[in-house]
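Colleague: Hi! Could you walk me through this one when you have a minute?

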Amino acid sequence: MGLMNSSRFDRPAANLIDLPNLVQNITSQRRDGVMTVRMGKEDRFLRFVAGNLVALSGVPASTFAKALVWAEVMTPEQLSACLATLGKNFRPEHLAQTVLSRNLAQKDGLLDALDCYVEEAFSEVIGWTTVKVNFTTEGPSDPWAELQVSLGMSINTGSLLLESLRRQDELKQIAQFVPDPWDVLVLDATREVPGDLPTDAVRILQGWREGMIAVSLFERSLLAPFRATTALAHLRRIGLVRPASSTELVVHADAAHAHGRHREAYGLYRRALALGVDSARIHLHLGELAERFGENEAAAESYLTAGVQLTDTSSAVIALRNALRLGSNREAPLTHLLAIYIQLDAKEEAVSVLMDLAALFEERGDLDQAAKAVRQAQELGVDPVGSSMILARLAAAEGDPEQAALQLELAAHAAQYAGRNEDAVNAWRQLLGIVPQRCEYARECAELLAGLGREGEAIDILRANLKHQDAAATAAHEDALVAVYEMLARLDPADTSAHDWLAKAYERRRDREGATQQLRHIAAAQERSGNFGALASTLERIVELGGNHSDVLTQLAKVRTKLGQDTAAGEAWVAAADAAIILGALKDARALVAAGIDAAPAYLPLRVRQAQVASREGDQTAAMAAFRAGADLALGSGQLDTARSLLIQLRRLRPDDLVVRIQLAEVTEQLKDPEAERFLRDVMRCAVRGNNQGMALQYARRRVALVGQPGFEARAELVELLRRSGDHAGEMAKGSELLEQLLEHAEFEKAIELLQRMVASNPRNADLVLQLADLYAAVDDPRQAGRYFRHAVCLLQVENRLPEAQKALDQLTDLIQGDETIPLARAALEKAHVVDWEAIRASLSQDQRRRLADEIGSGRAGSASQVVPVVKE
């Protein structure tokens, strides 16, 4: 077996061993080792060698000291003198060595004392009822045991066991005569001392004194405890000694207490109670004395009993308070105190006791009783905050979260009403622990924390609450959530998620202003953090909500510029300028456009806006420069539609700018614009106005090529330009070609007009004149036809084209009947005379006047006037 292990005492087998049988087995088996016997807090160590007991330790040192006297090795006086040098806490081995060194006893004397010591100690151990035993081959180091072995102590264990058992039996027989240790023994002086009195009894009587207490007799006796006990029992049996009555016992106890013999008084009072003397005074004394000796539980029990028995409420309260202070059982004194305070109508004290009872019941797990105590305290006016908090805790412990939440809410509101914000915060926090999804609780708690200057904690509360919200709760309790998010956004302006949620919520509510404001907060936070990508998205959301404010759009434009998104930046600059234009702030719009052009010079709409703004302001120079720059940019980037629009605007501002019109015509041609012909005509006419015949002819030809066939108007204007420019050959070629087509399409009026212009520019062209005459004749206009036939005859005669002239005269004759000038012209033509229609008409007029005069002279004027022919032109 190994060394002794204290844990072995906890094994069940160690508790079931019969100690006498174990000792007998060790003896019979002649075992070596150390047996440890434990009862309560007492330990005894018995060392065996070959079955004999060679050492016994663990006994108080005073037992060995007394054994020196019991064995008559030393006198009490010698022992006292020796102990005085060793001190109060002496060791038995030191005492033995001192006795030997001072020659107060020899080795044999010490062995006699050890025999007496062992007998008493061993008998005591054998008498223990419930013990724990452990046996090891080797024990711990023990100087006292080693000294006993060195002195040669060796006792036959079997004999020692038999003696111990005999003593146990004898003590059982005389048990009724053995006094209680705290009995006061009274000697009956009326009785005669027998002559055959045992020696031990005689020795007891020799040292007798009045009012002796049994325990002091055993402590001071010169006899060993067993001998003193049997002798005293004999004296009681024969009637020489009797225990004092309970009344006498109380008298002795009071005297001891009065003289400061507190331990003695304590024992005597307790013995008096055991004998049936029960009074509040004795219990108070016992409580006081027990507290003095550190026996708090016993003191509390005595104070409690005294408090119950006392009729004076003040004294009873003091006693019960002492019991409450010292004892572990708090319920009984608290219950009695409560009854007293209720009787006295002391509400404050009663409330305090009830709350103590509630805490006690809660600690013990009796939650119903604890809740009843708190509610009773509430009826008496306890602090509503603290009491509701306790009830909430009790309800939670009982598994009733709804009741716990109700009590915590009551506590929180009560604390707020009383201005106890810290307590209110604590209540709200606990309440959120039960129902973390309740928004109104989180908001109340956060408001209090913010009021206390603890914004960080308030923000944590709000965010924790929001984490417990699901989609269904969000839809059902959006109003409550809005309040939470609004507070979070107010406490933490940099929390973009809160602003974003609020913006969406306001948007769902059609609250454009609120949504815009939240998005502005988000934008500010993103700008501070340098998150320009997110900032751009936020600003766009503001714009989508209708926040077409110039400042927002300007900020968006600048952000897009920083992100290198020139096109998007240009769009934002344009939108900002438009917003300013709508408000009539043209100067701001002009500045915005200028800034936009600096940032995105290649963005065409900015040039357009620049021109438009300048035009609205009446600054035509700037407007023209802007339109010009925009048109150039559009042409360079291939945006022909835009270029066309800008050039049209520029043309309006510069009505005589041929270059603008040329560019416009070029653009429309490239675009295959249906109105391209119109712009080519505009270029031509502008060139004509500027006397730039060459450019006019160029674009007139392009116009003709563009419009294709028949294109009468364009071709007619080309012929006219050729005429004006003096290109008669070209004019004749194009004119003739056009004339044929006009005639083919029966466009007689246009053909006549063309021929008139051609004849006007070529008045000596007989063919043109003849053709014009034929055309007039065809359209049944004899007057104009005759006019041009006459002219044709003259021209044909000049060109010596006489047959054709004759033919023209024939056509003229067919066209105008009875014209006398025609025959005269024919005669002149045949005679090779110049046909001069004016001369012919003049000659005919003179002949007619002459004939008329002749006729008048002959008297035939009347009839002659009736037949005078009319000369037709």
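This is a predicted model: local features need pLDDT of at least 70, side-chain atom pairs count only at pLDDT 80 or more; totals for chains, interfaces and linings use all residues.

Colleague: Let's switch to charges. How many salt bridges are there in the whole structure?

Modeller: The search finds 27 salt bridges. One of them pairs Glu119 with Arg167, with the closest N and O atoms 3.2 Å apart. That pair links distant parts of the chain, since Glu119 is in helix α6 and Arg167 in helix α8, 48 residues apart.

Colleague: Is Arg167 buried or exposed?

Modeller: Arg167 counts as buried because its relative accessibility is 7%, under the 20% cut-off. Glu119 has 29% relative accessibility, so Glu119 counts as partly exposed.

Colleague: What about Arg166, which residue does its side chain meet in a salt bridge?

Modeller: Arg166 meets Glu163, at 2.7 Å from N to O. Both lie in helix α8, three residues apart, which is about one turn of the helix. Arg166 is partly exposed at 38% relative accessible area, and Glu163 is partly exposed too, at 24%.

Colleague: Where does Glu362 find its salt-bridge partner?

Modeller: Glu362 pairs with Arg393, and their closest N and O atoms are 2.5 Å apart. Here the two ends come from helix α18 (residues 347-364) for Glu362 and helix α20 (residues 384-397) for Arg393, 31 residues apart. Glu362 is partly exposed, with a relative accessible area of 21%, and Arg393 is partly exposed at 41%.

Colleague: Which residues do shared partners join into one network?

Modeller: Glu119, Glu120, Glu163, Arg166, Arg167 and Glu170 are joined that way by salt bridges.

Colleague: Last topic, the rings. How many aromatic pairs does the structure hold?

Modeller: It holds five aromatic pairs. Phe64, Tyr117 and Trp144 form one aromatic cluster.

Colleague: And which ring does the charged end of Arg263 sit over?

Modeller: That would be the ring of Phe293, with the charged end of Arg263 3.8 Å from the ring centre.

Definitions and conventions
Residues are numbered from 1 along each chain as its sequence is written. Side-chain values use heavy atoms; hydrogens and water are left out. Rings of Phe, Tyr and Trp (its six-membered ring) pair if their centres lie within 6.5 Å; planes under 30 degrees apart count as stacked, over 60 as edge-to-face and the rest as tilted. A charge sits over a ring if NZ of Lys or CZ of Arg is within 6 Å of the ring centre and within 35 degrees of the ring normal. A salt bridge is a side-chain nitrogen of Lys or Arg within 4 Å of a carboxyl oxygen of Asp or Glu. Helices (H or I, at least four residues) and strands (E, at least two) are DSSP runs, numbered from the N terminus. Buried means under 20% relative accessible area, exposed over 50%, partly exposed in between (1.4 Å probe, protein chains only).
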